[in-house]
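Please look over the structure below. A short report on selected features follows it.

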Amino acid sequence: MLIKIDNITKDYIDDGLVTPALRGVSFEIDKGEFLAVMGSSGSGKSTLMHIIGFLDKLTSGKYIFDDQDASNFDDDQLAEIRNQKIGFIFQSYNLLARTSVLDNVLLPTIYTPNLNKKKTEKKALDLLNKVGLSERIGHNPNQLSGGEQQRVAIVRALINKPRLILADEPTGNLDSKSGQEVMEILQDLNEDGHTILMVTHEKYVAECARRIMVLKDGKIISDEKVGNQHLAKNGLKK
Amino acid sequence: MYLFETIKLSLKNLLLKKSRSFLTMLGIIIGVAAVISIMSVGASAQDLLLAQVRAMGSNLIGVLPGASDEAGPPAAMFGIEITTLKHEDALALEKLPHIVAVCSYLNGRGSISYLNKSKDYNYMGVSEGYIIVEETTVDSGRFFRQDEIDSLARVVVLGSEVKKELFGDDNPIDKRVKINQVSFKVIGVMEERGVVAFQNQDEQVFVPIKTSQKLLLGVNHLAFIRAKIDKEENIESAISRVKSTIRFRHNIKDPIKDDFSIRSTDQALDMLGTITQALKMFLAAVAAISLIVGGIGIMNIMFVSVNERTREIGLRKAIGAKRKNILFQFLIESATMTLMGGLIGIITGILIAWAITIGVNYFGYDWKFIVTPVSVLISTMMAIIIGLIFGLWPASRASKLNAIKALRYE
């Protein structure tokens, strides 16, 4: 078991006004799972992802990650976990402008101590090759299509061999063909044993996962295995 | 690796916005250039001043009439005539140990004429010790002897400039000139000495001290006495011997009632050195204020930069940058900017100082081009420190950004 979430809540306090975002959520994620979290905006799915990704702190409850209690970590330790155990993929890619594809991919590694520079670079080149970007390593993000940019972001998420990949609406800004390519890559990664948590509000994207969880008003309203996983290489059905 | 990457990154960010970086650096460039050039000009001026005093000769002490505070100027400097110092005092000092030579001085001004040429010059009544005390010599002819002083001989030694004016290329030796209508025989011409203690030594003439007292000015006293001491370490003891000798001669029992004061060139050099040093530092401090203004410009632009790169900061935090990493990144960036500004400023400042050197030398002063490594080092350090201090606030704000909010920032 990689993640155990036990009855966590999250309240946002703004001007003394308490807004609950999560109202007692419990579930587990095993190694090698591909979980899609669905819900309309305001359902708490982003909050949940931020907490799981150690970007935000929970208000109450228990979060065990990789057999460690997350409530015991200080800010620097959280940064280290984000750096070495989590790989983030964002809806808007968040690549650094005027920075080459290769340097964007290597960005997390400058915060990782004791890395072999040569080996890391070779790994980055291998991964870029796998997602079909080996011709693009010297390009800047503004010279790439949206799909290519998201593939760079995926490689960046993989560079430190994370225990968990967090994808926040990874196809949200993409046309259907690029979206399909990205989902194919995520499915391939999952086949290779990567654990993936993906937030989406599109049913057809969620169906590419192996398990779908639906949140509403800060609570889980359903959590089911996908009986028949849709393979992205067959095209995304809308 | 991390430091190297960070410096590379900040250089890249500076180069991305060349004109903005340059305009931001301009404050630092001007400030550092001002500090460097002022320090240089100050050092050159100090050198010139001290050289003027040093040219009077080393290991000299002066005896001036009238009492004075150790630190303050003697009364004679204010044009008050005090008649207590006599040539006999100088003769008495000659016999003291460690004293190599003594010279009495009395100056006046009058017209000096040869044939139909006449011009106003300073004349200096001095004794035969002058040559040793002032470390100079005659260019032709000879200087006067002691017996010529005692016999009130009417002989004169010309400064080289006076000789040129009155005689041109002719040989003046044994010719007769008139000083205030009194006829003198020219026995020598001094070598060229130029400006010493801000007085052109070549534009005066020298007559025996007693001759100037009795025949030219009709007085009995001296303007001052100078004595040359054999070694620097003996100056202190020589001064105390000189004091007691003159007290004995003037019948002074209580040192508070001294009617003379003693100065040494070392003392004068010290005093002059301290004053010019203080002046130099004050000017540099004023110039340094512009560095602070430059620093505020840096701070301003760093806030803009932090704002523009909010999403980048959010991303860096999300993928594992710690607070100190972000803080460090922006501090390095501002310090890189001020350091680059500082280096450009140092080069500019040196060029300004060099231009000033050429200019002043053109007007005939021996103005040296002095840029001390210390001033370069201090300026460089100051530039870096300014970058760190004024970069701290923006960098700290960047480091405290909330990653989630920063990622959503538009």
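This is a predicted model: local features need pLDDT of at least 70, side-chain atom pairs count only at pLDDT 80 or more; totals for chains, interfaces and linings use all residues.

Residues are numbered from 1 along each chain as its sequence is written, chains are lettered from A in the order written, and side-chain values use heavy atoms, without hydrogens and water.

Helix α6(A) spans residues 176–191. Helices are DSSP runs (H or I, at least four residues), numbered from the N terminus. Asp175(A) caps the N-terminal end of α6(A), with a side-chain oxygen 3.0 Å from the backbone nitrogen of Lys177(A). Gly193(A) follows the helix, and its phi is positive, near 105 degrees. Buried residues (under 20% relative accessible area, 1.4 Å probe, protein chains only) of α6(A) include Val182(A), Ile185(A) and Leu189(A). Their cover includes α5 (146–158) and β7 (164–168) of chain A.

Gly314(B) sits in helix α10 of chain B. Gly314(B) is buried, at 0% relative accessible area. Contact means heavy atoms within 4.5 Å. Beyond four places in sequence, Gly314(B) touches Ala403(B), Ala406(B) and Leu407(B).

A nonpolar core is a set of buried Ala, Val, Leu, Ile, Met, Phe, Trp, Tyr and Cys residues joined through side-chain atoms within 4.5 Å.

| Core | Residues | Members include |
|---|---|---|
| Largest | 71 residues | Ile3(A), Phe27(A), Leu197(A) |
| Another, apart from it | 47 residues | Met56(B), Val63(B), Phe144(B) |

Conventions:
Helices (H or I, at least four residues) and strands (E, at least two) are DSSP runs, numbered from the N terminus. The expected span of a helix is 1.5 Å times one less than its number of residues. Buried means under 20% relative accessible area, exposed over 50%, partly exposed in between (1.4 Å probe, protein chains only). A polar contact is a pair of N or O atoms within 3.5 Å; within protein, one must be able to donate a hydrogen and the other to accept it, and residues adjacent in sequence count only if both atoms are side-chain atoms.
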